Amino acid sequence: MKRAQNGPELSRREIVASLAACGVASAVLPSIPSWAAAPAARAIDFHHHFNPPFLVAAAQANRVGADASGLNWDLGYSLEDMDKTGIAKAVISPSTGFAERTDPTQRVGMVHRVNEYGAELVRDHPTRFVQLVYMPLPDVDATLKELAYGFDTLNVIGAGFATSYGDKYASDAAFSPVFEELNRRKAIAYFHPLAAACCTRLFPTIPEEANLVEIPYDTARTVMGFLLSGGFRRYPDIKFVFSHSGGAIPMFAGRFNRLLQATDISKVAPNGLNAEFRKLYYETANASSPPTMAALLKFAPSVRCCSEATILTFRTPTI
């Protein structure tokens with residue numbers, strides 16, 4: 001997690017305060033998970049990055065854009081900010097884009113080291129943090145081993161993924177053994193986007209700004225990839241969680257419905273696209289501006305919310 005920059009989006013503190021003022025906290029938080037915390041601080045931060053210094057250093061020259069220093073992380077600030085904003089516990093995962101752009105020959109070991117670092121944070125602060133085990137895709141065999149190690153040894157609550165890995169999306173059939181195992185475990189699968197390999201040269205003079213456009217679209221590509229390939233139907237016991245209000249999905253749901261109205265999608269969405277979208281979970285970090293929230297509230301009605309998170313989490317999965 002990094003210090004937020006001033007901007008038009010609502011802060012976590014503002015939303016927590018507004019929820020309390022409206023009496024919403026108790027109304028939409030009926031089933032806080034058992035690991036959540038004491039009543040005095042009931043909010044759960046589901047989008048909470050940690051960036052080990054060794055990972056930042058390893059990826060320094062390989063990110064989209066040359067400067068990774070803006071994503072340095074500080075444990076003290078994380079705990080301080082959680083206290084100030086009434087966050088009981090944070091679900092930690094590394095920032096997407098670091099491990100994916102390290103030397104491929106070292107990536108599996110690097111991801112394992114990151115997961116061990118996260119586990120140490122949880123051991124040191126068991127009342128404040130829980131962990132998502134991060135996946136060293138596109139290596140499926142190594143990912144299955146890391147997944148088993150995370151659940152069986154580190155006691156993680158779920159698995160963290162990038163939306164895409166090189167030219168393959170998380171929904172690609174090559175990765176199906178990983179999601180079959182997560183489905184068997186009835187686990188959380190959390191997806192965080194990055195600028196896809198296809199589009200990092202969108203702005204040649206400022207390549208890092210490809211994230212402005214590509215982050216929400218990469219999430220949408222992943223959601224639609226799982227949906228149209230039948231992934232959401234094949235893995236009904238996975239709790240799919242998507243970052244940033246689902247990216248472009250809430251804004252384009254109507255368009256998707258119109259353009260697919262003459263296409264038979266009954267095998268992958270027997271009750272229609274919106275029924276499948278509403279089965280998913282959305283967290284809203286960096287996607288809390290009034291227009292975005294308005295779209296999401298129409299798309300995922302507030303009666304289906306059950307937790308406040310980094311900004312406001314819709315349908316946080318019960319652990």
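**Close-up views of a predicted model**

**View 1. Pro138 sits in the loop that links strand S3 (129–134) to helix H6 (140–154).** The peptide bond between Leu137 and Pro138 is cis, with omega about 15°. Helices (H or I, at least four residues) and strands (E, at least two) are DSSP runs, numbered from the N terminus. Residues are numbered from 1 along each chain as its sequence is written, and side-chain values use heavy atoms, with hydrogens and water left out. This is a predicted model, in which local features need pLDDT of at least 70 and side-chain atom pairs count only at pLDDT 80 or more, while totals for chains, interfaces and linings use all residues.

**View 2. The protein chain has 12 helices and 10 strands.** Of its 319 residues, 54% are buried. Buried means under 20% relative accessible area, exposed over 50% and partly exposed in between, with a 1.4 Å probe and protein chains only. Contact means heavy atoms within 4.5 Å. Taking contacts between residues at least 6 apart in sequence, 75% join residues at least 24 apart.

**View 3. The largest nonpolar core has 67 residues.** A nonpolar core is a set of buried Ala, Val, Leu, Ile, Met, Phe, Trp, Tyr and Cys residues joined through side-chain atoms within 4.5 Å. Phe161, Phe179, Leu182, Phe191, Phe240 and Phe277 have the most contacts inside this core. Helix H5 (residues 107–124) supplies the largest share of the core, six residues. Apart from this core lies another, of 10 residues, including Ile44, Val91, Leu132 and Ile157.

**View 4. Phe161 belongs to strand S4 (residues 158–162).** Phe161 has a relative accessible area of 1% and is therefore buried. Leaving out residues up to four places away in sequence, Phe161 touches Tyr134, Met135, Leu137, Val178, Phe179, Leu182, Ala189, Tyr190, Phe191 and His192. Pro193 is 32 residues from Phe161 along the chain, and their C-alpha atoms are 8.5 Å apart. Phe191 in turn, setting aside neighbours within four places in sequence, has contacts that include Ala170, Thr222, Phe226, Phe240 and Phe242.

**View 5. Helix H5 has 18 residues, and its end C-alpha atoms are 26 Å apart.** At 1.5 Å a residue, H5 should span 26 Å, so the two values agree. The expected span of a helix is 1.5 Å times one less than its number of residues. Buried residues of H5 include Met110, Val111, Val114, Asn115 and Gly118.

**View 6. Helices H10 (residues 249–259) and H12 (residues 290–299) pack at an angle of about 55°, and their axes are 8 Å apart.** H10 is therefore oblique to H12. Axes are lines fitted to C-alpha atoms, for helices over the stretch in contact, and angles run from 0 to 180 degrees between N-to-C directions. Angles under 35 degrees count as roughly parallel, over 145 as roughly antiparallel, 65 to 115 as roughly perpendicular and the rest as oblique. From H10 the contact involves Ile249, Pro250, Met251 and Ala253, and from H12 Ala295, Leu296 and Phe299.

**View 7. Lys186 has a positive phi, near 55°, in a residue other than glycine.** The loop that holds Lys186 runs between helix H7 (176–185) and strand S7 (188–192). Lys186 counts as exposed because its relative accessibility is 52%.

**View 8. Asn286 is not a glycine, yet its phi is positive, about 55°.** Asn286 lies in the loop between strand S9 (281–283) and H12. With 62% relative accessibility, Asn286 counts as exposed.
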